[in-house]
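Here is a short briefing on charged side-chain pairs. Look over the sequence and structure before reading on.

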Amino acid sequence: MLDTIKQFASEFFVTGDPLILGAQVSIGLASVAIVFVLTFFKKWGWLWREWLTTVDHKRIGIMYIICSILMLFRGGVDALLMRLQLAMPGVEFLQADHYNAIFTTHGVIMILFMAMPLMFGLFNIVVPLQIGARDVAYPFLNSLSFWMFFFGAMLFNVSFVIGGSPDAGWLAYPPLSELSHSPGVGQNFYIWGIQISGIGSLATGINFIVTILKMRAPGMKLMKMPMFSWSVLSSCIMIIFAFPILTVTLFLLFLDRFAGAHFFTLDGGGNPMMYINLIWMWGHPEVYIVVVPAFGIFSEVVATFSRKKLFGYKSMVFAMIGISVLSFFTWVHHFFTMGSGADVNAFFAITTMLIAIPTGVKVFNWLFTMFRGRIRFSTPMMWSIAFIPCFVIGGMTGVLLSVAPADFQFHNSYFLIAHFHQVLIGGVVFGYFAGLYYWWPKMFGFTLNEHLGKWAFWFWNIGFYVCFMPQYFLGLDGMTRRTYTYDFDMGWGPLNLVSTIGGFLMGLAFIFQVWQIAYSIKKHKKDTTGDVWDGRTLEWSIPSPAPFYNFAVSPTVEETDDWWERKQKGEKPLAPIPDSALTPIHMPKNSAIPFIKSALWFVAGFGFVWGWLWMAIPAMIGVGICMLVRSFSYDTDYYVPVDEVKRTELLARGAKA
Amino acid sequence: MAKTHEASSHEQHGSHGSMKSYTIGFVLSIILTIIPIVIVMNSMLSKTATLVVILAMAVLQFAVQLIFFMHLKEGENARWNMMALLLGLIILLTIVAGSIWIMTYNAVAH
Amino acid sequence: MAHAAANHGHGAHGHDHHDHHDQESMKTFGFWIFLITDVILFGTLFATYIVLRGNTNGGPTPEELFQMPGIIAETFILLTSSFTSGIAVLAMNRGNKKQLIGWLAVTAVLGAAFITLEVIEFVHLVNEGATISTSAFLSAFFTLVGTHGLHVSLGLIWMIALMLQLRKRGITPVTKRKVENISLYWHFLDVVWIFVLTVVYLMGVM
């Protein structure tokens with residue numbers, strides 16, 4: 001009996017590695033600490049009412065962002081572990097299989113559990129405010145999206161301490177990811193963590209398309225809408241068409257592993273290349289999904305901090321919609337070398353080159369916006385300016401890679417790694433940081449310390465170039481990706497060492513950011529006007545943080561940058577609202593179902609991971625019951641009485657009796 | 001048949017259609033189903049011709065159902081619905097045709 | 001922050017109906033977009049089937065396996081159920097709750113018949129030794145056709161839930177929207193079946 005338990009425990013928990021043991025202990029202690037603190041301060045009720053069951057897009061946005069910052073930490077630690085291992089030839093810090101697990105989780109976490117939630121967080125915080133709406137189209141679904149992400153990410157994250165991490169790369173190519181070559185449960189965690197989280201992403205895509213198309217304030221025609229909201233629409237169009245492909249592909253891999261199917265196996269007529277074909281049909285649009293909202297952020301920030309209208313509004317819109325459509329026609333460039341032949345490669349090389357053009361148009365438009373503007377170098381603007389050279393270089397190396405014959409040299413080398421990190425960090429990360437700094441006061445009602453922000457900025461930027469520029473040369477020098485060590489004779493040592501130093505500079509930058517947040521919370525420099533940056537768009541016309549119903553009176557919009565125009569005509573921030581304008585406000589009620597349903601998905605996923613149908617099937621039935629309960633509930637909204645609106649507004653705008 | 005209206009239903013919006021249009025749609029669909037089945041079960045045409053005909057009939061029946069059953073052209077969101085569908089079909093075609101083309105060069109032993 | 005009391009102020013009733021009308025039409029629009037994502041989902045399954053259908057691994061081929069009489073019956077049953085769901089909607093537009101529920105019930109019974117025939121077909125195939133793990137062709141077949149069947153089955157559960165809600169609450173703007181959505185869903189599933197019939201079965205026995 002004791003022996004069976006021991007045997008089970010040794011397979012259930014990951015053993016044999018001091019780092020992982022340390023993590024297991026820390027997780028255990030942290031969990032106990034959290035439960036203790038919540039109980040001691042009697043905060044369970046508050047947590048349930050204000051956060052776990054909220055359908056308020058602003059709260060949901062904050063939760064997404066908190067999760068993404070935690071994931072940035074984990075993904076960053078993965079990166080530094082790898083850089084330590086590669087700093088010199090023949091280092092024996094990480095064994096090969098541990099290294100494989102780390103680069104796998106680094107990739108999955110950074111793209112799917114850091115970039116995506118940070119993006120969804122910004123969607124949630126900003127879009128309803130920017131378009132003058134009181135919430136998104138489907139607040140309940142919005143909450144469900146967040147909790148599906150949360151529990152999917154949890155499931156994935158738990159794998160390195162329970163059962164074992166996936167280690168077949170962030171895209172899990174078969175046959176390596178098949179049962180034949182990955183018999184453990186790690187790949188199952190990969191499949192279910194991403195699958196559950198992906199359902200949430202798809203739902204968000206639908207939610208924001210309808211929100212943007214149907215809930216804009218009166219007078220806000222599409223071509224007068226702020227550019228960030230356009231970028232969200234553009235990104236969501238890609239989401240709704242790309243994510244179903246991911247859902248199917250992961251499901252097919254699951255069937256191979258779980259039901260003995262032969263989609264991508266080496267035997268039985270299976271074809272691993274079909275997986276690669278399908279996964280990149282999702283994978284390529286995915287990178288545009290994350291970068292287009294960053295473009296939207298830059299448009300907002302550059303215009304605001306140049307005190308100038310965005311140059312070329314129409315061409316910006318067409319460029320983004322063009323990117324959305326064209327992104328579905330370039331996917332083969334991720335596997336030029338894998339045997340599709342000259343005709344196929346030529347076609348996709350051309351489409352890949354074409355897609356660089358709309359982005360180029362946007363870069364010129366940002367530059368023309370800054371030209372003859374009155375520029376303020378606050379941190380959001382600094383991130384935006386830094387993005388331009390970084391992303392342009394990264395984009396150019398992308399065009400180099402798009403030349404199919406040349407790609408036979410670059411593919412899967414460090415040249416490729418340098419390229420995609422440059423566009424992802426220079427484009428996506430810099431952009432989301434700019435957005436986070438820009439909209440932070442609106443979210444929390446206080447500003448972030450500029451001084452510490454600048455330290456973080458410089459360490460990130462210098463660290464980035466020091467880390468990744470050498471990697472282009474390592475790639476040209478023949479160093480391939482995903483190797484856990486290399487020989488002294490290869491001559492790759494010096495550049496790797498430089499690269500590692502750069503990595504740690506970025507780590508230092510992250511510490512500055514955490515310090516900046518902690519310091520700013522303590523200082524609590526209040527945002528008293530709702531408009532710290534002298535902004536141009538509607539979100540700056542309401543108090544910070546925004547009242548739970550956003551707008552006491554639905555705004556009527558006349559032109560692009562309407563708030564800016566209203567200010568030019570003399571309107572002041574937080575001007576009092578006459579009582580006669582107030583009416584009861586229709587709002588959605590909180591709901592426990594998204595949290596419970598997603599938790600059940602977690603249980604089902606966990607059951608499927610271990611092949612425990614006794615766990616998975618009841619949990620899935622539970623999911624179905626949750627859906628039926630929701631279907632039968634008709635009491636889902638309420639009205640906020642005028643008195644409460646009056647009180648909330650007085651408090652937010654400074655109660656002067 | 002007495003017409004009864006709920007007190008709260010104001011404008012007639014959303015799905016329109018009548019018994020007549022649904023019946024036309026139904027009959028057309030039956031015809032467009034029978035033709036391909038008969039052609040295939042009786043091997044009436046060459047392989048290529050059969051393929052073209054049955055696919056064409058399927059696409060036609062799809063259009064019939066879109067118009068007569070799903071009222072694609074009506075409702076207040078008709079334009080957005082059509083645009084979403086059009087884009088979806090373009091991408092669907094890309095997925096199917098693209099996969100067939102690419103995988104021709106990546107086939108495995110059966 | 002959640003409030004249980006509903007407080008209708010003056011003029012809120014006008015807001016109310018306009019609000020609900022907009023909300024319901026927005027929910028149908030969102031559902032339509034969801035259906036488009038389902039188009040992509042099935043499209044990916046079709047692409048996989050087409051690419052892999054020749055990979056029979058020395059096992060049974062489509063010609064050997066497919067029994068057309070059952071398939072033809074399934075096809076006409078599903079098509080008829082799509083028609084009856086349309087009649088249900090017409091009854092709803094006339095405000096006739098009894099007929100609405102009645103025709104939804106007919107639709108559900110036909111749907112259940114479709115699923116029964118499909119289960120019988122699958123069981124027969126498995127007994128013949130043609131399972132999901134026999135070959136890539138069969139993996140793709142069972143997944144594509146099975147996913148459609150799963151969609152139909154979930155639709156049946158949804159339909160029953162709706163009929164119960166209609167019986168209790170009658171035809172309201174909310175239940176009206178729910179019926180419109182499920183009928184869109186049902187028509188969509190019939191369209192997918194047209195292509196399953198064509199690409200899987202007809203092209204299989206050609």
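Predicted model: local features only at pLDDT ≥ 70, side-chain atom pairs only at ≥ 80, totals over all residues.

Residues are numbered from 1 along each chain as its sequence is written, chains are lettered from A and ligands numbered from 1 in the order in which they are written, and side-chain values use heavy atoms, with hydrogens and water left out.

**Overall count**
- Over all chains, the structure holds 15 salt bridges (a side-chain nitrogen of Lys or Arg within 4 Å of a carboxyl oxygen of Asp or Glu).

**Pairs in chain A**
- A:Asp531 forms a salt bridge with A:Lys567, at 2.6 Å from N to O.
- A:Asp531 sits in the loop between α16 (493–523) and α17 (562–568), and A:Lys567 in helix α17, so the pair ties together parts 36 residues apart in sequence.
- Helices (H or I, at least four residues) and strands (E, at least two) are DSSP runs, numbered from the N terminus.
- A:Lys567 is buried too, at 14% relative accessible area.
- A:Asp561 and A:Arg536 meet in a salt bridge of 2.7 Å, N to O.
- Both A:Asp561 and A:Arg536 are buried.

**A pair in chain C**
- C:Arg177 and C:Glu24 are joined by a salt bridge, 2.5 Å from N to O.
- C:Arg177 lies in helix α6 (residues 173–205) and C:Glu24 in helix α1 (residues 12–52), so this pair ties together parts 153 residues apart in sequence.
- C:Arg177 and C:Glu24 are both buried.

Notes:
Buried < 20%, exposed > 50% of the residue type's maximum accessible area, 1.4 Å probe, protein only.
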